[in-house]
Amino acid sequence: MSDYQFMAKLYGVRGSYPIAPEEGTKVGGNTTCLMVRTPEHVVIFDAGSGIIRLGKELIPEIIQHNQTSHQPFHITLLFTHTHTDHLLGLPFFTPIYMPNVHLHFIGPATLGMDFEDIIATTVIPQFFPVGINEFRCRKSFHNIDENMMVYFNPDNPVPLIGRIGETEPAFSPLTIYNMKYYFHPKDGSYVYRVESNDKKLVFATDVEEYHGADQRLVTFSKNADVLIHDAQYTAEQYRKFSGYGHSSVDLACEAARQAEVQKLLLFHHDPNNTDQMLYDIEKYARTLFPNTELATEHWEWKL
Ligand SMILES: [Zn+2]
Ligand SMILES: [Zn+2]
């Protein structure tokens with residue numbers, strides 16, 4: 001028996017590229033990866049370098065599953081977008097090489113290119129020695145768009161894709177809604193909201209709020225229990241980097257305040273920011289939105 005009904009766990013919190021500073025980092029040096037799951041349903045958001053540790057953690061569970069079931073072990077992998085920092089861990093995600101795993105890839109077509117083709121391109125022989133057809137897992141690919149939702153039947157780990165307004169899941173242990181965010185170069189990113197029972201978690205990385213908070217995102221995140229929000233820059237850094245597709249800490253706090261969320265996690269930390277700088281940022285952020293924490297690679301929410 002599991003000791004949880006719902007769990008969210010972060011494996012990568014760094015923006016842009018992974019870091020391994022000489023002095024170490026307690027916050028975490030790996031790029032974006034979040035897992036949300038129930039005992040039966042495993043959903044991963046983004047495949048930054050953080051997904052490598054997650055893959056290793058899943059192996060004992062997959063092996064155990066295969067000893068007791070003839071069905072594959074299903075994993076749903078959703079992408080916010082396909083910038084390198086959200087993708088670079090994928091070919092090092094061990095379950096991809098396990099034939100009794102079924103990976104459901106769901107992500108955006110970008111600038112006219114299908115999501116499956118984007119993933120395939122990242123592992124062409126010029127970039128990586130193992131091509132997409134050599135991934136030994138079973139694979140399904142879906143382009144996502146704004147009208148879609150991803151949900152599950154309680155006893156089935158296979159994700160179902162529905163259309164908002166047409167599909168009303170009777171009871172889904174995890175339901176995932178999305179919102180396309182247009183202000184991230186060059187073809188936007190997707191923000192996701194996970195709902196499980198009465199809990200809500202919003203994952204808003206690679207978003208730039210500009211001033212006064214994006215009202216679409218405020219509505220999408222309204223009253224969430226947890227908002228994981230891009231906060232790559234300090235206000236001072238943001239003056240140099242506005243328009244690069246990331247938010248300052250101040251903008252993240254303003255979005256959290258207007259959306260009246262329970263908790264804000266500052267996410268997608270700039271690779272140039274040391275742990276000490278991040279702790280100072282956290283302290284400052286709490287003056288704007290008291291229930292704020294830095295997203296770290298050790299953060300976990302279990303219910
Ligand atoms: Zn990013
Ligand atoms: Zn990006």
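1. Two strands are taken to pair if DSSP finds at least two bridges between them. In this predicted model, strand 11 and strand 12 (residues 226-230) meet that criterion, being joined by four bridges and running parallel. Within this pairing, Ala204 has His229 of strand 12 as its bridge partner.

2. Strand 11 also pairs with strand 10 (residues 189-196), here in the antiparallel sense and through five bridges. Ser196 is bridged to Lys199 of strand 11. The hairpin formed by strand 10 and strand 11 has two residues between the strands, and Asn197 adopts a positive phi near 50° in this hairpin.

3. The setting of strand 11 (residues 199-204) deserves a remark. Five of its six residues are buried, and the strand is therefore largely enclosed by the rest of the structure.

4. Elsewhere, seven strands make up an open sheet of mixed pairing, in the order 6-5-4-3-2-1-15. Its edges are strand 6 (138-143) and strand 15 (300-302), each of which pairs on one side only. On average, neighbouring strands of this sheet are turned by 20° against each other, direction ignored.

5. One pairing concerns strand 2 (residues 33-37) and strand 3 (residues 42-45), which are antiparallel and share four bridges. Met35 has Ile44 of strand 3 as its bridge partner.

Notes
Residues numbered from 1 in each chain as written. Chains lettered and ligands numbered in written order. Predicted model: local features only at pLDDT ≥ 70, side-chain atom pairs only at ≥ 80, totals over all residues. Buried ≥ 20, exposed ≤ 12 C-beta atoms within 10 Å, placed from the backbone. Axes fitted to C-alpha atoms, helices over the stretch in contact; angles between N-to-C directions.
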